[in-house]
Amino acid sequence: MTALPLDPKDGGGRFPGFDAQRQSPHWDRVTQGVVLARLGRPTDLRFFTVAEEAAARALFDQLLDQRHEPRVPVVNMVDARLAEEQTDGWHYEDMEPDPAAWRSTLAELDAEARERQKRPFVELSWEEQTLLLTDIQAAETWRGRQASRVWSLWTRYACTAFYSHPLAWDEIGFAGPAYPRGYKNLGLNAREPFEVADARPAQDPAAHTAKSRTGRQR
Amino acid sequence: MASVKDRNASAWLLPPVPGTNHAMRTDMAQFRDEEEVDVAIVGCGAGGSTLLQRLARAGWKAVALDAGPFWDPERDWVSDEAGSHHLYWTEPRIISGDDPVPLGSNNSGRGVGGSMVHYAGYTPRFHPSDFHTYSTDGVGADWPLEYGDLKSYYEDIEGELPVAGEHWPWGDPHSYPHSPHPVSGNGELFLRGALASGITAKVGPVAISNGRFGNRPHCIYRGFCLQGCKVNAKASPLITHIPDALHHGAEVRADSMVTRIEIDDTTGKATGVHYVRHGRARFQRARIVAVAGYSIETPRLLLNSACKRFPEGLCNDFDQVGRYLMVQGAPQTAGRFESEVRMWKAPPPEVSSEDFYETDPSKPYKRGFSIQTVSPLPITWAEHVAAQGHWGGKLREYMSDYVHWACLGALCEFLPQTDNRVTLASEKDRNSMPVAHFHYSQCDNDRQLMQAAQEAMEKILQAAGAQEVITIRRFAHLVGGARMAADEQHGVVDADCRSFAVPNLYITDGSVLPTQGSANPALTIMAVAARAANRLIAGGASKTT
């Protein structure tokens, strides 16, 4: 499979030729089974309704900036988790358990889009979608919920799916599983023979932001 | 002191290659439900497994029931972050309060070995000051025992895990049985930054053998400690106490969810435990019951065991069950370096500092925090980045910079508060048992510690040369919820972990801790359970002959 499309200004192409999958013969068999399954045919959707699927696809494309194929099939991966109730179990007293929270927040996302532009979220332009999400992220409350909890629900599932995928590892220089091989070369600027040096070490994404930032979990 | 092998032969009972001694499990004792065992232990984590091993060695007929599986690391665990979700307790729970605490991941375990299966491996001792914070500082609580009462148990457990690290200068200064591990780029930067800013940092203490230990191999520095150690290098009770327990005739009954403790209304004593296994409701008779389900499930089980004698919940005559539940504030601060750090290589637990552990009279807050290396894998790192508000292209760009970041974590001593507690919700789980509702709010002292810890970590990283720092505020660990105290009006159990209300009911897990220090709790939970076991054995409490 080819690399995920990512603009160099967004960090694309920093590890030329690096391919985490090439290491798979060195992984133990159980781990191979789990990780390589993510490269196979995505599971059929079982949880999301058609309308939810449309909203979720557009939402995940935005959150992870996946504008073109090939994509990590995030919507299928999240759908599988929700269908199998592979959640963390807990829910806020004033919010539903995750599967129900997904259904209701996607419905609210479409409702918000219709109120603004008389079309569901998926039918908005990329820029209109971005603007709507930017507003939700900045809000204190959104459609009767704490906005940060909705945002956290969406980003948590999106990031967990995306950064479990070997193609995503390729663009961050992470070689994935390391058993039974382990590492030999620890330390600053020390690399294993299969690791690739960052081609643009000066591309510091934090360079033009405050020197110190803080956020909180969930 | 007898050699470790003479006290606990677990490491010598494992196969000489990574994996499990399957014969020990198939040949293990199987007690009948109708047979009154000497002790039925609920939960097979740090506390329950230690108690099981000690009592089995003393000749007790002992069975430990665990709600989760009896892990086979070679089959069940993977060297992968997303594929390790099944290591967590993900049954339904409700959270609330001003600072609700997400559960079901780093702070909860499942199956034989408990949360030590996926803990990082840090095993610091508590400091002597931890045992009387109320007398000294007017905050927290005094334990009904002192550091000296636990010291020999700390030494024993450190030998059995075993713990590797430099000579430890903080608290009660002590050494470790294994020498310190080599450090990676992340640990190197912590040591460099600490030195430059006048802070003492030391390598360790981690429960990862450095060199062969029995049949356990050397660590291979693969960095997936939080996904369960397939190598058998990192300690968890699954490999440090369960093998020896089985060898001495104990039974581990996995996949068994205990739903209620039975009390005889005429004698007021526990008679055994109700549990569900493979869909069938069963009852195991026992002369003594010990609960070790950790800080959420232990109170839940006690509250769900209400009966005629205890209408408000077992051992809850004074409304103490479920209260004073603590989490540690665990902010993580990452720094960006021009060099490649590749912090995921090598175990996340490497270097710590306890310079800020004790109350500093020049500060407006009481008690303190510790600082340790952490090294998040990609998904956890994405959470750290997303917490700064980044998404879309900016998130991908930050993530592409992963190789350049080093990360430290603090553990802040959040104080025990009466309203931070577990109650039963109206919602039920698949066993028709009410789910736990965990209400949590921080106090001012907690917030000040969180801020101070962040500033200290920023200072260290900047002294090491970090160009930018980003912090995520989060929580780690649970203790309390059924605390030990001097009397039944202030706690649930006494210093020996025996409940005040039911003479043959014990609680031997993290829920008995009255305070938490800024130490990772696993070692202290094991030491408290080992001490309780010793007291039980010495007292000859109702052993079948």
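Because the model is predicted, local features need pLDDT of at least 70 and side-chain atom pairs count only at pLDDT 80 or more, while totals for chains, interfaces and linings use all residues. Residues are numbered from 1 along each chain as its sequence is written, and chains are lettered from A and ligands numbered from 1 in the order in which they are written.

Start with chain A. It holds 7 helices and 4 strands. Both kinds of element are DSSP runs numbered from the N terminus: helices are H or I with at least four residues, strands are E with at least two. Read from the N terminus, the order in chain A is α-α-α-β-α-α-β-β-α-α-β. The C-alpha trace of chain A spans about 55 × 40 × 35 Å along its principal axes.

One helix pair in chain A deserves a look. Helix α2 (residues 50-63) of chain A packs against helix α3 (residues 74-83) of chain A at an angle of about 120 degrees, and their axes are 9 Å apart. Axes here are lines fitted to C-alpha atoms, for helices over the stretch in contact, and angles run from 0 to 180 degrees between N-to-C directions. The two helices, α2(A) and α3(A), are therefore oblique to each other. The classes are: under 35 degrees roughly parallel, over 145 roughly antiparallel, 65 to 115 roughly perpendicular, and the rest oblique. The crossing of α2(A) and α3(A) is right-handed. That term applies if the near helix is turned clockwise from the far one by less than a right angle; anticlockwise is left-handed. On the α2(A) side, the contact uses A:Glu53, A:Ala56, A:Arg57 and A:Phe60; on the α3(A) side, A:Val74, A:Val75 and A:Val78. Contact means that the C-beta atoms of two residues, placed from the backbone, lie within 7 Å. This contact of α2(A) with α3(A) has 5 nonpolar, no polar and 2 charged residues. Ala, Val, Leu, Ile, Met, Phe, Trp, Tyr, Cys and Pro count as nonpolar, Asp, Glu, Lys and Arg as charged, and the others, Gly among them, as polar.

Now chain B. It has 15 helices and 18 strands. Its radius of gyration is 22 Å, close to the 24 Å that the globule rule gives for 545 residues, so chain B is as compact as a globular protein of that length. The radius is taken over C-alpha atoms, and the rule is 2.2 Å times the number of residues to the power 0.38. Along the principal axes, the C-alpha trace of chain B spans about 70 × 50 × 45 Å.

Chain B has its own helix pair to inspect. Helix α7 (residues 147-160) of chain B and helix α15 (residues 522-539) of chain B pack at about 110 degrees, with axes 9 Å apart. These two, α7(B) and α15(B), are therefore roughly perpendicular to each other. Their crossing is right-handed. From α7(B), the contact residues include B:Leu150, B:Tyr153 and B:Ile157; from α15(B), they include B:Leu523, B:Met526 and B:Arg531. By class, the contact of α7(B) with α15(B) has 9 nonpolar, no polar and 3 charged residues.

Next, the backbone of chain B. Most residues other than glycine have a negative phi, and most peptide bonds are trans. The bond from B:Leu161 to B:Pro162 is cis, with omega near -20 degrees. B:Pro162 lies in the loop between α7 and α8 of chain B. Another cis bond joins B:Gly204 and B:Pro205, with omega about -15 degrees. B:Pro205 sits in the loop between β4 (202-203) and α9 (237-240) of chain B. B:Asp319 is not a glycine, yet has a positive phi of about 55 degrees. Its place is the loop between α11 and β9 (326-329) of chain B.

Finally, the interface. Here 69 residues of chain B are in contact with 58 residues of chain A. On the chain B side, α13(B) gives the most, with 7 residues. That side divides into 28 nonpolar, 20 polar and 21 charged residues.

Two strands pair if DSSP finds at least two bridges between them. Strand β1 (residues 90-92) of chain A pairs with β3(B) in the parallel sense over 3 bridges. A:Trp90 stands opposite B:Arg93, and A:His91 has B:Ile94 as its bridge partner.
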